[in-house]
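Work through the exercises below with the coordinates open, and try each task before reading its solution.

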Amino acid sequence: MHEKAVVLFIQILLVVVMILMVVIVARTYLMRKKPIFERLGLGMLIGFFTDFGDTLGIGSFATTTAAFRSTHFVQDDRQLPGTLNAMHAIPVMVEALFFITAVKVELTTLIPMTTAAVIGAYVGTHVTKNWHAPTVQRVMAGALFIAVVIMIIRMITTPGSSNAMSVHGLHGCWLILGIVFNLGIGVLMTMGLGNYAPELIFFSLMGVNPAIAFPVMMLDAALIMPTTAWNIIKMDRISWRGFAGVAIGGVLGVLVAAKFFTSLDTDLLKKLIIIVSLWTVFGLLRDSFKKNWKKAH
């Protein structure tokens with residue numbers, strides 16, 4: 001009964017945070033006239049496919065970054081990390097509502113690790129607030145490259161797939177390690193590194209079946225993203241163009257993907273994402289050095 005009450009509290013918390021996020025966006029639109037409905041159709045298309053993949057455990061940051069850069073959706077790369085977190089916040093909260101009860105995980109693992117991730121996100125937004133565009137571009141390129149490497153490792157070795165489903169959490173020193181790990185993940189998410197692939201690898205190495213990791217990584221993202229969003233909105237480090245489209249399309253993508261969660265083969269999709277991500281890494285690095293070259297000449 002106690003566990004059910006805590007899960008219910010988490011679900012209520014997610015709904016409250018989601019409503020607050022909608023209110024903040026609506027208030028910003030009404031009071032500051034931000035273009036959240038501009039490029040609505042393209043935004044919905046991007047949101048649908050990126051959050052569809054996100055729900056399947058592929059992640060959304062790499063694909064969204066590639067889509068944004070190829071369509072010039074975000075005009076200033078310095079706004080990319082914050083925009084990724086803000087635009088995907090609402091869809092990811094919908095994901096978390098689905099997974100919090102779909103897979104059993106111990107609350108003594110879920111709550112401390114999520115709390116650590118949120119603290120990391122708060123710290124991360126302040127660490128990156130004065131970064132120049134080339135710095136952001138290089139850090140994002142590095143984050144994307146790390147994500148690609150982890151994705152390739154997962155595809156080749158499928159770590160943790162043989163781990164028993166009877167283990168539902170971490171204990172002792174492994175839980176402390178998980179808390180520290182998630183603190184770092186929270187910081188890195190504000191810099192453009194998604195949390196899904198690293199957390200799936202981490203849980204696998206800890207002897208936990210990757211399926212058990214889904215509630216943890218979904219709840220982490222669902223609370224990291226609005227924490228990051230609220231801070232970057234205050235700092236005015238977000239691109240508002242198409243916000244509504246990405247959020248609406250993202251929610252639709254989550255709802256559709258949830259129906260295919262256990263049956264869809266994602267190998268081909270992962271290979272395509274790896275290729276697109278590597279091309280995006282090249283573009284980010286090229287642009288960061290191009291600006292410095294122009295300054296020098």
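**Exercise 1.** Decide whether His72 is buried, partly exposed or exposed.

*Solution.* In this predicted model, the relative accessibility of His72 is 58%. The class of exposed residues begins over 50%, and His72 therefore counts as exposed. As to its setting, His72 sits in the loop between helix H3 (61-71) and helix H4 (80-87), and its backbone has a phi near 55°, a positive value in a residue other than glycine.

**Exercise 2.** Carry out the assignment for Asp236, and state which accessibility class it falls into.

*Solution.* Begin with the location: Asp236 lies in the loop between helix H10 (210-234) and H11. Its phi is positive, at about 60°, although the residue is not a glycine. The relative accessibility is 43%; buried would require a value under 20% and exposed one over 50%, so Asp236 counts as partly exposed.

**Exercise 3.** Describe how helix H2 and helix H11 cross, and what kinds of residues form their contact.

*Solution.* First, the axes of H2 (residues 40-55) and H11 (residues 243-260) come within 6 Å and cross at roughly 35°. Next, the handedness of this crossing is right-handed. Finally, sorting the residues of the contact gives 13 nonpolar, 7 polar and 1 charged.

**Exercise 4.** State the secondary structure content of the protein and the share of its residues that is buried.

*Solution.* The protein comes to 12 helices and 0 strands, and of its 297 residues, 53% are buried. The accessible surface is about 13,500 Å², with 71% of it belonging to carbon and sulfur atoms.

How values were computed: Residues numbered from 1 in each chain as written. Predicted model: local features only at pLDDT ≥ 70, side-chain atom pairs only at ≥ 80, totals over all residues. Heavy atoms only, no water. Axes fitted to C-alpha atoms, helices over the stretch in contact; angles between N-to-C directions. Helix = DSSP H or I, 4+ residues; strand = E, 2+ residues; numbered from the N terminus. Left-handed = near helix turned anticlockwise from the far one by under 90°. Nonpolar A, V, L, I, M, F, W, Y, C, P; charged D, E, K, R; others polar. Buried < 20%, exposed > 50% of the residue type's maximum accessible area, 1.4 Å probe, protein only. Areas by Shrake-Rupley, 256 points an atom, 1.4 Å probe, with all protein chains shown as cover.
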